[in-house]
Amino acid sequence: MSTETIAPREYQIYSGDDLRTNVLEISMGPQHPSTHGVFRMDVSLDGETVVKLKPVFGYLHRNHEKIAETTSYLGSMPYTDRLDYFCSMTNNWAYALAVEKMAGLAVPERAEYIRVIMAELTRLQNHASLVGFLTNDLGASGTPLLYAIREREHILDLFEWASGARMMCNYMRFGGVRNDLPSGWLAQCKKVVDDFPAFMDEFETLLTGNEIILSRCQNVGVLPRDLAINASITGPCLRASGVDYDLRKVDKYGIYDRFDFKVPLGSVGDCYDRFMIRLLEMRESVKILKQALATIPEGPVNDSKARNFRPKPAEAYGRIEGPKGELGFYLVSDGTPKPHRYHVRPPSFINLTVLEDMCLGQKIADAVIVLGSIDIVLGEVDR
Amino acid sequence: MLGIGILKGMVVTAKNFFGSFVNKRLLPTIQYPEAGNSVTLFSRNIPFLVYDNDEDPLGTMRCVACKICEKECPPQCIYIVMEKDANGKPAKRPKVFDIDISVCMGCQICVEVCPFESIKMDSTFELSTPDRFEGLLLKREHLLKSNTYFHKIHPDEAQEVDDRLAAKQKKPAPTPSTPAA
Amino acid sequence: MIDLAPILAKFPPVKHDAAANALIVPQALALEVAKWLRDDPAYRMDYASNVAGVDTLPVEKKTKVKQPDGTDKEIVTKKPGSMEVVYHLYSMALKHGPITIKQVTTRENPVVTSLTPIYRGAEFQEREAFDLYGIQFEGHPDLRRILMWDEFKDFPMRKDYVEPDDYEYEPTPHDAVLAKAKAHYPKASTSTEAAS
Ligand code: SF4
Ligand code: SF4
């Protein structure tokens, strides 16, 4: 027998000098777990690097604005719940605010407090779940997300108790809120708010020092300050880029001028900043909630005359600081019971403008995190 | 040191895992349907029609077929036909009262606009049916439920409504105010 | 409230709509006005918050007027329809606003000037107005449909848009739905009445 058969063979290694790569086009979505709904990105990749990215959406489009133009003013209130279905309370408030501005309705003191409490609870649960979903996008599949969802559950229980539904609350009305808080609600709310910092501490130990999160979020998806302003980015994304613009401070709508809170600002504008801003904003929301719960007065919560009305011909643009950014409603009335024009300025729709700018030159896996850090809800993007 | 953050995370997870055996707050899951359901006293799902006397549902139903709720319902899922008596005069009772619950979104607008306290929100949710169309169309007979039932599902609200109605009884009957629509 | 007089003085063709407190800017001047508003140190309107198309149908109103000789004369007042694009500008630097800018155009051939070169934030919203109203934005870098699919022909937010007749069976047909249902399912449309 020859020994040649067991000798290692010689292999020719291909040098790769004339190796050519083409740009690879991928349609990512609409059924993709990382796109937070039915959202598609047309991505062109050079290797793993993004060279072009076009967001494509509209899969959930139902022409919300047309529906609202064919129902009465009150009739579109339940539809606003379905815009950003995580934050129905703030959607209700923004719409009610625009109508109140147009028709010149006053809101009773207690109702203003209830609105602030509901809006800040909404912010807490939205930011908590957003941060949870972000860790999910980073690969920590499930566990931290479920801690956030568990916390959200306690807040949704409060919503259900007050309004009858967990997500589609339909709670605010023009000139107030639909019904007064049930007895015992405020005490339970206090308990939830007092327990919340413990959850945030736990979440921070879990995440902020985590090496994987640091290396995958820092300096990824940087949004420069000037671009953020020019592209009308609002909400936590804007403040992560270091622009001090929070409508609760700027417009002082409702009774926000009575509360003592700060606006956290980022310095770099990367995903890590956007992530931390949300954690810090939750702490500020807890502060507002504690003050509001301590000082809420007794009294009426709505103006029963304002239920069905015909506004005079007028137009108004009302906006609030929603958890995702500036949520605005532009209403034009022509004196009939239906709005002549009803336009929503959806924050997550406009925040998507800069998705391409933030992803260019990054790896495709990072595009997922950048998208997650913008915080979109497709019910609002597509309307 | 590299890895400390990850270890810390593990500690948090372990705490939550073992804590969930002793702390109810850490494990809010309900084992539906084995361990009861999660419907609370406050939840609303679809509307139902209230009647007062348990013996005579059709005779004591509160609805007068004024059609305000039909007009105001945002997705237009209520359909009402008023009953006529022998002489063709309106009998102030609905002959047909249908709610298409595949369209109803449980928004409670109909409850708010009804001036006669006759339509209220139910909290049942186990409504699945193999028939997608007619099976999800609730007729007057399915929708009628007694005031006793209302007291059972939403006691506080039902008591309030009863008080309001008792107060109204003393005064002359209300005229249905047609909304500006 | 922001003092609009300096703008009106600087750009005489710009009109002031007092009812809405808005500036009506001619198409040819729109870019220039927006740029000036953004860069002028007193305004610094660096943030285009909201962009919305507004469609108004022409209205015909008939009023009877008593003539001096005792007879009635019918006067028909016609208000032409219009297509508008409304911009709400705010300032993030000086934290004031809004200034409302309107570009008015005709319903038949709606063309306005795109402000996307000045405000990147208008990009998607102008595409939305193009998609739903069919307003052409001159100078927009990427004017495509955004919410509807590319092959879609019509402009659904226009006031005179007619829905396609794709009636689906509904168990509670009434009013307009009933009329539609009758054309399609003569049996189904009457089933609710028959069952009662
Ligand atoms: S508004 Fe009330 S009384 Fe009138 S038809 Fe509806 S349920 Fe009946
Ligand atoms: S709950 Fe809302 S959708 Fe359902 S029947 Fe009443 S008004 Fe209509």
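This briefing covers a sheet in chain A and one tyrosine in chain B. The model is predicted. In chain A, three strands form an open antiparallel sheet. In chain B, Y149(B) is the residue of interest, and it sits in helix α5.

**Sheet in chain A**
- The strand order is β1-β2-β3, and the pairing is antiparallel.
- The edges are β1 (24-28) and β3 (49-56) of chain A, each of which pairs on one side only.
- On average, neighbouring strands of the sheet are turned by 20° against each other, with direction ignored.

**Pairing of β1 and β2**
- Strand β2 of chain A spans residues 40-46 and pairs with β1(A) in the antiparallel sense.
- Five bridges link β1(A) and β2(A).
- M28(A) has M41(A) in β2(A) as its bridge partner.

**Helix across the sheet**
- Helix α14 of chain A covers residues 364-374.
- This helix lies across β1, β2 and β3 of chain A.
- Helix α14 of chain A runs at about 150° to β2(A).

**Y149 in chain B**
- Helix α5 of chain B, which holds Y149(B), spans residues 147-153.
- Is Y149(B) buried or exposed? Y149(B) counts as buried because its relative accessibility is 19%, and the cut-off for buried is under 20%.
- Leaving aside neighbours within four places in sequence, Y149(B) is in contact with F48(B), D122(B) and T124(B).
- Y149(B) and D54(B) are 95 residues apart along the chain, and their C-alpha atoms are separated by 9.9 Å.

Definitions and conventions: Residues are numbered from 1 along each chain as its sequence is written. Chains are lettered from A and ligands numbered from 1 in the order in which they are written. This is a predicted model: local features need pLDDT of at least 70, side-chain atom pairs count only at pLDDT 80 or more; totals for chains, interfaces and linings use all residues. Side-chain values use heavy atoms; hydrogens and water are left out. Two strands pair if DSSP finds at least two bridges between them. Helices (H or I, at least four residues) and strands (E, at least two) are DSSP runs, numbered from the N terminus. Axes are lines fitted to C-alpha atoms, for helices over the stretch in contact, and angles run from 0 to 180 degrees between N-to-C directions. Contact means heavy atoms within 4.5 Å. Buried means under 20% relative accessible area, exposed over 50%, partly exposed in between (1.4 Å probe, protein chains only).
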